[in-house]
Amino acid sequence: MTVRRKLAIAAASATTVLLAASTAIAAPVQPLAIRQVASGLNQAWAVDFLPDGTALFTEKDSRKIKKIAPNGQVSDVQTISGVSVTKEAGLLGIAVSPTYAADQLVFIYYTTSSDNRIAKLKLGQAPNPIVTGIPRGSQYHHGGRIKFGPDGFLYAGTGDGQNGANAQNRDSLGGKVLRVDKNGAAAPGNPFNSRVYSLGHRNVQGLAWVGTQLYISDIGASEVDELNKITAGGNYGWPSCEGPCSNPAYTNPVKTWPTSQATPSGLTYYKGSLFMASLKGGTFKLNTSGAGGKIYTNLGRTRDEVTGPNNVLWVITPSGIYNADGA
């Protein structure tokens, strides 16, 4: 073999090594498990999505609906007038109509000086109340989570308005899961021929479906917080029972935690697990029996967990919103 041939082979081998090294260096970096998409928020409370992927979220204390465009830009949509703000009251839940492309409707849950209520609106226009008279307390137990179920009806988690008797009173909208149509009327098939779907709750904060099965998170008083599996017409015991009890008239929770550990908020089902926000810090990642533990503890208080477009988990804290992969 000539010297020129040997030099050519050596040069080719060196080039191959350099290209391989260059390829290894340029390999894509795996995405972070969680990243912030909005910061500096004023008590962010709930988020839902328009068909184009735009995120709409509420700020409890500012009374504003805001949006995050697909490019990440945050901007105001509108301020809701007549909203009363206390420690737990204000502009709370938001739900986009599942037929938004046709009706352009968005639903909100908020506190006034006399009650909590659900209204529908077209963005930029005044809200039209469709459910009023949900009890409010002076400061606490307002509920506030609203979501459309897989059956197309709107579900709402309410609080007892700091009056435990409301939870057992079928004529009261407090301490309940409500199920209504887009005009606020009782959905067909409701168990009591009213808006009430289940009762005996203290302060419902999260709603999530696994298939067609509804689960809720409920804040307890001083003993335990609850994850409940909901059946139509089920009575979950408050105020007679906090957590499980032996009364056969009541349905026991799937799982409880000491109130010092949980204080649950929003709930979603994502990649085979329930993700439950915690006002005591972090997010619970659970199976449907409630087994599991906390992740994202470095975020502090989490207010809501929502499965968003492109199969991304959205984690809402009072001051920021994050995208996550649930790992």
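Let's start with the lining of the largest cavity in this predicted model. Gly200, His201, Arg202, Asp218, Ile219, Gly220, Val224, Glu226, Tyr236, Trp238, Cys241 and Glu242 line that cavity. By class, the lining has five nonpolar, three polar and four charged residues. Here Ala, Val, Leu, Ile, Met, Phe, Trp, Tyr, Cys and Pro count as nonpolar, Asp, Glu, Lys and Arg as charged, and the others, Gly among them, as polar.

The space in the largest cavity comes to about 60 Å³, and the structure holds one cavity of 30 Å³ or more. A cavity is a set of points, on a 1 Å grid over the protein atoms alone, where a 1.4 Å probe fits but cannot get out; lining residues have an atom within 4 Å of a point. Grid points are joined across faces, edges and corners, and the volume is the space filled by probe spheres set on the points.

A word on conventions. Residues are numbered from 1 along each chain as its sequence is written. Local features need pLDDT of at least 70 and side-chain atom pairs count only at pLDDT 80 or more, while totals for chains, interfaces and linings use all residues; side-chain values use heavy atoms, with hydrogens and water left out.

Ser198 sits in strand E13 (residues 196-199); strands are DSSP runs of E, at least two residues, and helices are runs of H or I, at least four, numbered from the N terminus. Ser198 is buried because its relative accessible area is 0%, where buried means under 20%, exposed over 50% and partly exposed in between (1.4 Å probe, protein chains only). Which side chain does the side chain of Ser198 meet in a polar contact? That of His201, at 2.8 Å, and His201 is one of the cavity-lining residues. A polar contact is a pair of N or O atoms within 3.5 Å; within protein, one must be able to donate a hydrogen and the other to accept it, and residues adjacent in sequence count only if both atoms are side-chain atoms. Beyond four places in sequence, Ser198 touches residues including Lys176, Ile230 and Tyr236, with contact meaning heavy atoms within 4.5 Å.

Ser217 belongs to strand E15 (residues 213-218), and with 0% relative accessibility Ser217 is buried too. A polar atom of the Ser217 side chain lies 2.7 Å from the backbone oxygen of Ser265.

Next, salt bridges: a side-chain nitrogen of Lys or Arg within 4 Å of a carboxyl oxygen of Asp or Glu. The whole structure has eight. Lys66 pairs with Glu59 at 3.4 Å between the closest N and O atoms, and both of these residues are buried. Lys66 also meets Asp76, at 3.8 Å from N to O. Asp76 is in strand E5 (residues 74-79) and Lys66 in strand E4 (residues 64-68), so this pair ties together parts ten residues apart in sequence. Lys66 is at 13% relative accessibility and therefore buried; shared partners join Glu59, Lys64, Lys66 and Asp76 into one salt-bridge network. Asp76, at 45%, counts as partly exposed.

Finally, the whole chain. Three helices and 24 strands make up its list of elements, and 53% of its 327 residues count as buried. The C-alpha trace spans about 100 × 50 × 35 Å along its principal axes.

Conventions: 1 Å grid on protein atoms, 1.4 Å probe; cavity = no way out; pocket = protein on both sides within 12 Å on 5 of 7 lines; lining within 4 Å.
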